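Welcome to a short tour of a protein chain. Keep the picture open as you read, and try to find each part as it comes up.

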Amino acid sequence: MARLCPIYTSHTVPLKPDSLSLSTAKPAPPTRVGGGLRCCLFGPSSSADRGLGLGLSREDPSSLSEFSMETARLLGLPRVEEGERSRELDVAVRVVQMACSLCQRVQSGLVGRHREQITSKDDDSPVTVADWGVQAVVSWLLSECFGNENASIVAEEDAYTLSRKDATTLLESVISVVNECLSEAPKYGLEGPSKPLGAQEVLDAIRNCNSTGGSKGKFWVLDPVDGTLGFVRGDQYAIALALIVDGEVVLGVLGCPNYPMRKEWLNYHQRYYRLMTMLSPPAHGSWHKGCVMYARKGSGVAWMQPLVHDFAEFDWQSSSRIVRVSSIIDPAFATFCEPVEKANSSHSFTAGLAHSVGLRKQPLRVYSMVKYAAIARGDAEIFMKFAKAGYKEKIWDHAAGLVIIQEAGGVVTDAGGCPLDFSKGIYLEGLDRGIIACSGPLLHEKIIKAVDASWDSSSL
């Protein structure tokens, strides 16, 4: 069984990277957290390890160790909330890691083959077995870990298509990948089902993601496969999970299975890599093919780790690292991202903006919320999206990425400079023209001014 070291440590204020060593911690074997069992985020909380242990359970979410409670008191942190958010982030990262493994398996057998595993929604965007599979897995695990009352989820997919009589084969494929994924839960420190889920249980898990969000209470936001077109083409996509409390995003996790840990590996075309992998499988961990990024609001730090699925052994202490936004402030050296699809964004307007502020590099057009990941870890500096008339942005396309960029040191607002509003339901209501994410305030201010200067002449 793979060992999982701590996902979230007690450094809840910005710290220098060299002060974040966990070398004194005694790694604990993965502890199941489903079904009300205790979740050990920091290793054993025995007297010998006092200060490293944070044992949390569904029955007692505020059960911080004495050291952690004293630390929270000295830092002026709300004690119970600290325990709740830490455990929620811990579980969310593990769940997204599992979702990445499910998607990798489906994608490896989907691209170029098994076209029956792809269907279409009413808006003609492709939906694969992975979309429903991830939604079912995440829904089931969050309910097991936190109880149905604390696992309210806003998610993109519904079970209507899968419930039709002519969808038997499709449903069987979804059930298969869900159970295969859940069978590996102990590897990620989670508790899987005692027996494989049946058709009704899988459908119920998908249907349970029926929250409509709002300004009050706590709910999760899930995009099971963000960038489905990228997914079916063997390109970039993301699994995005965020937690919203009283209309505010408090934590976010982005799983990017095709976004390598090291920037220089982006130059290798994904299909070429996949072909070479089939011919000569690399040793576990030799490629760092994908990554998971995560952050908690107010922590002042964002993290990146490789995929557990890509490794025979997972050593948290040597493989996780802090990510920070780029320090570039000169537009001439900055890279900006924009959506690949032209259907819901204006490439011509962003191109004009880029020229007006002095951006000289070719845009990085990438599917999904991987654009947010690129900015958070310094691979790009600017993300601009200006939707065409009639298109409404959904909260699941932005929530997780927003908090990760912010905690990595970046800025995300609408084109008027106002914060994005996640309190109005499933849409970002009141959005001023578009969305702008930047690595820092200087670039952000330049983009805002350029939008103001050129908007009246646009056709948006």
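A residue counts as buried when its relative accessible area is under 20%, and as exposed when that area is over 50%, with partly exposed in between. Keep in mind that this is a predicted model.

**The whole chain**

Let's begin with the overview. The protein chain holds 13 helices and 16 strands. Of its 460 residues, 57% count as buried. Among contacts with a separation of 6 or more, 72% are between residues 24 or more positions apart.

**A buried strand and its partners**

Now find strand S10, residues 302–306. Because 5 of the 5 residues of S10 are buried, the strand is largely enclosed by the rest of the structure.

Strand S10 also has neighbours to pair with. With strand S9 (residues 291–296), the pairing is antiparallel and runs over 5 bridges. Within this pairing, Tyr294 has Trp303 of S10 as its bridge partner. S9 and S10 form a hairpin, with 5 residues between them. In that turn you can find Gly298, which has a positive phi of about 90°.

S10 pairs with strand S11 (residues 321–323) as well, again in the antiparallel sense, over 3 bridges. Here Met304 stands opposite Arg321 of S11.

**Helices that cross**

Next, look at helix H5 (residues 168–182) and helix H3 (residues 129–146), whose axes cross. H5 also packs with helix H6 (residues 199–207). Here are the two pairs:

| Helix pair | Axis distance | Angle |
|---|---|---|
| H3 and H5 | within 9 Å | roughly 45° |
| H5 and H6 | 10 Å | about 85° |

The crossing of H3 and H5 is right-handed. On the H3 side, the contact is made by Val129, Trp132, Gly133, Ala136, Val137, Trp140 and Leu141. On the H5 side, it involves Leu170, Ser173, Val174, Val177, Val178, Cys181 and Leu182. These contact residues divide into 12 nonpolar, 2 polar and no charged.

An α-helix has 3.6 residues a turn, so residues three or four places apart point the same way.

Turning to the other pair, H5 packs with H6 at an angle of about 85°, so H5 is roughly perpendicular to H6. Leu171, Val174, Ile175 and Val178 of H5 meet Ala199, Val202 and Leu203 of H6. This contact has 7 nonpolar residues, no polar and no charged.

**A loop residue and a buried helix**

Asp330 lies in the loop between S11 and strand S12 (336–338). Its relative accessible area is 36%, so Asp330 is partly exposed. Asp330 and Leu443 are 113 residues apart in sequence, with their C-alpha atoms 7.8 Å apart in space.

Finally, find helix H12 (residues 399–407). Since 8 of its 9 residues are buried, H12 is largely enclosed by the rest of the structure. Its buried residues include Leu402, Val403, Ile404, Ile405 and Glu407. Just after H12 comes Gly409, with a positive phi of about 110°.

Key:
Residues are numbered from 1 along each chain as its sequence is written. This is a predicted model: local features need pLDDT of at least 70, side-chain atom pairs count only at pLDDT 80 or more; totals for chains, interfaces and linings use all residues. Side-chain values use heavy atoms; hydrogens and water are left out. Buried means under 20% relative accessible area, exposed over 50%, partly exposed in between (1.4 Å probe, protein chains only). Helices (H or I, at least four residues) and strands (E, at least two) are DSSP runs, numbered from the N terminus. Two strands pair if DSSP finds at least two bridges between them. Axes are lines fitted to C-alpha atoms, for helices over the stretch in contact, and angles run from 0 to 180 degrees between N-to-C directions. A crossing is left-handed if the near helix is turned anticlockwise from the far one by less than a right angle, and right-handed if clockwise. Contact means heavy atoms within 4.5 Å. Ala, Val, Leu, Ile, Met, Phe, Trp, Tyr, Cys and Pro count as nonpolar, Asp, Glu, Lys and Arg as charged, and the others, Gly among them, as polar. Angles under 35 degrees count as roughly parallel, over 145 as roughly antiparallel, 65 to 115 as roughly perpendicular and the rest as oblique.
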